[in-house]
Amino acid sequence: MAKELTSRAENYSQWYNELVLKADLAENSAVRGCMVIKPYGYSIWEKMVSVLDKMFKDTGHQNAYFPLFIPKSFFSKEAKHVEGFAKECAVVTHYRLKNTSSGQIEVDPEAKLEEELIIRPTSETIIWNTYRNWVQSYRDLPILVNQWANVVRWEMRTRLFLRTAEFLWQEGHTAHATEAEAIEETNKMINVYADFAKNWLAVPVHIGTKSDNERFAGAIETYAIEAMMQDGRALQSGTSHFLGQNFARAFDVKFLNRENKEEYVWATSWGVSTRLMGALVMAHSDDNGLVLPPKLAPIQVVIVPIYKNFEQLEQINIRARETVQSLREAGISVKYDDRDNLRPGFKFAEYEMKGIPVRIAIGPKDMEQGTCEIARRDTLEKYNINQAEIVEHVANLMATIQENIYRKASDFREANTYKAETYEEFKEIMDKNPGFVWAHWDGTTETELKIQEETKATLRCIPLEYPDGPGKCMVTGKPSKGRVLFAKAY
RNA sequence: CGGGGUAUAGCGCAGUCCGGUUAGCGCACCUGGUUUGGGACCAGGGGGUCGUAAGUUCGAAUCUUACUACCCCGACCA
């Protein structure tokens with residue numbers, strides 16, 4: 001099993017290449033770790049964006065946009081926040097270039113900014129600086145705003161899709177009059193993410209809170225969804241933070257409540273990023289390429305004609321275009337690939353690599369018998385059906401494949417999840433079987449770091465409901481409230 | 001920033017140890033023809049200042065030195 005997983009992991013870079021072109025400008029180290037997302041990959045992202053955007057609107061949110069640049073002074077107002085992000089900030093120091101006498105271009109030393117600008121690694125600071133002016137009364141609350149944007153984090157080491165220097169994401173930033181309402185919002189949004197992961201990405205996730213050690217810089221509580229990739233490692237796929245009054249205090253955002261008393265606003269922030277694309281690839285791909293859940297596939301069905309001569313092609317064209325039409329009417333996105341310079345086998349392989357859920361082939365035999373060939377991407381099965389049944393059959397297949405992919409991922413996670421009773425057992429599992437391990441922990445950062453150092457496994461989340469009751473910490477033997485989730489993580 | 005590796009056509013590589021014709025192969029690309037139910041074949045063709053700079057030499061992809069970039073592993077991190 002482990003070997004298979006490794007070989008598949010090695011293929012990821014190839015599948016990724018179908019989606020992105022990693023920027024490789026030899027003489028410009030500045031774009032290191034950034035990515036160029038190719039049109040096909042971007043169309044998958046767009047699909048995710050449209051679904052998530054609707055989910056946000058349905059939960060009462062609106063979109064807005066804030067500046068890319070954050071004045072350095074804003075950034076340092078929340079102590080923990082700056083501590084968390086200071087090490088990975090890109091900083092703008094000048095606003096002009098000039099030609100030197102030797103014809104080179106250099107930064108004009110005369111054009112130094114009075115105050116450096118940080119390229120946003122996340123937008124809490126500039127948004128809360130703005131919210132100060134938006135809020136006077138409890139009647140101005142809540143503010144339920146989301147932003148679709150790019151952010152930059154100058155990571156020491158990047159990893160395609162999972163940790164790029166620049167990435168696309170959405171960040172929700174909400175302001176509330178009460179603590180309870182903000183906590184409810186935090187919960188609501190992590191559940192929106194879990195719902196999206198399950199029902200659209202077809203990836204099962206664990207919801208939980210982060211330990212003190214892993215919490216978002218500046219948050220009181222961080223909720224996260226954790227997914228398992230096919231090599232058994234965990235991927236944090238979305239986060240929702242309860243920020244308390246930390247940012248309101250830092251940016252002096254106060255309102256008058258019904259009793260005419262001044263109070264600080266309660267805050268949340270939540271986000272998912274292009275990392276979800278990585279999750280999609282690493283959760284479902286097989287050795288033939290991507291496997292896309294039908295609900296997110298930009299093209300759900302591809303039709304490939306098979307013919308020996310022009311006359312046959314003409315006949316097939318008519319049938320294929322009718323089929324395209326009727327499938328579209330049923331709300332299914334279809335592509336008819338009538339390129340005449342490529343053979344069918346090439347096209348089959350290409351669409352498998354791109355993860356198109358269903359392929360329909362129509363050839364001379366089908367024309368005679370009134371059939372067509374259906375090929376499922378998820379199971380790689382092929383079979384013939386009558387042309388007349390095609391719309392109903394394919395429509396049903398969309399749901400079947402979506403479910404099947406989810407079930408596969410879910411079974412895989414189940415098969416690679418363990419419970420460890422002792423630390424010895426824990427170490428052995430982590431060493432031999434990559435996966436999730438539920439174990440008792442005493443709740444201290446000290447123990448968490450010891451485990452991390454000795455096993456490379458990190459505490460992924462503390463579940464909202466413990467799978468078992470209380471017990472004793474596997475390392476120290478001190479009391480534990482319940483089992484928490486450990487895994488090696490990306 | 002530490003340890004290791006790499007740099008030759010759009011992509012993937014050979015050639016470098018041991019210097020010597022016009023730098024080669026596969027894929028991709030262009031033209032023509034035959035093909036087409038799982039990644040076609042034949043013929044012809046285009047594309048390279050061999051990462052950059054300096055040095056050694058009659059002669060450098062090959063040897064020397066410096067520099068730069070990229071990849072993998074660690075520290076760091078969504």
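Student: Leaving aside its neighbours within four places in sequence, which residues is leucine 201 in contact with?

Tutor: Contact here means that the C-beta atoms of two residues, placed from the backbone, lie within 7 Å. Leaving out neighbours within four places in sequence, leucine 201 is in contact with Phe196, Leu276, Ala279, Leu280, Pro293 and Leu296. Keep in mind that this is a predicted model: local features need pLDDT of at least 70, side-chain atom pairs count only at pLDDT 80 or more, and totals for chains, interfaces and linings use all residues. As for labels, residues are numbered from 1 along each chain as its sequence is written, while chains are lettered from A and ligands numbered from 1 in the order in which they are written.

Student: Leu201 must turn up elsewhere. Which residues have the most contacts inside the largest nonpolar core?

Tutor: A nonpolar core is a set of buried Ala, Val, Leu, Ile, Met, Phe, Trp, Tyr and Cys residues joined through C-beta atoms within 7 Å. Buried means 20 or more other C-beta atoms within 10 Å of the residue's own, exposed means 12 or fewer, and partly exposed is in between. The largest core has 85 residues, and Leu201 and Ala227 are those with the most contacts inside it. Helix 6 (residues 179-201) is its top contributor, giving nine residues. A separate, second core of 28 residues includes Ile118, Ile126, Ile127 and Ala177.

Student: How many helices and strands are there in chain A, then?

Tutor: Both are DSSP runs numbered from the N terminus: H or I over at least four residues for helices, E over at least two for strands. Chain A has 14 helices and 27 strands. Of its 490 residues, 39% count as buried. The C-alpha trace spans about 80 × 70 × 55 Å along its principal axes. Take contacts between residues at least 6 apart in sequence: 68% of them join residues at least 24 apart.

Student: Let's read one helix. Which residues of helix 13 are buried?

Tutor: In helix 13 (residues 423-432), they are Tyr423, Phe426, Ile429 and Met430. Looking down the axis of helix 13, these buried residues fall within an arc of 120° (taken from the directions from the axis to the C-beta atoms), so they line one face. Turned away from that buried side are the exposed residues Glu424, Asp431 and Lys432.

Student: What do the buried residues of helix 13 pack against?

Tutor: Strand 22 (417-419), strand 23 (436-440) and helix 14 (445-455).

Student: Now sheets. What is the order of the open sheet of five strands?

Tutor: Strands count as paired when DSSP finds at least two bridges between them. The order here is 18-17-19-20-21, and the pairing is mixed. Strand 18 (334-336) and strand 21 (382-386) are the edges, each pairing on one side only. From one strand to the next the twist averages 25° (axes are lines fitted to C-alpha atoms, for helices over the stretch in contact, with angles from 0 to 180 degrees between N-to-C directions). Strand 20 (residues 371-376) runs antiparallel to strand 21, joined to it by five bridges. For one example, cysteine 372 has isoleucine 385 in strand 21 as its bridge partner. Helix 9 (residues 310-329) packs on the sheet, touching strand 17 (301-305), strand 18 and strand 19 (358-362). Helix 10 (residues 344-354) also packs there, touching strand 17 and strand 19, and its direction makes about 170° with that of strand 17.

Student: And in what order do the three strands of the antiparallel open sheet come?

Tutor: That order is 4-8-5, with strand 4 (69-71) and strand 5 (91-94) at the edges. Direction ignored, neighbouring strands of this sheet are turned by 40° against each other on average. Three bridges join strand 5 to strand 8 (residues 112-119), and histidine 94 stands opposite lysine 112 in strand 8.

Student: Where do the domains of chain A lie?

Tutor: The bounds come from an automatic or database domain assignment. It gives domain 1 (2-67 + 124-284), domain 2 (299-399) and domain 3 (417-487).
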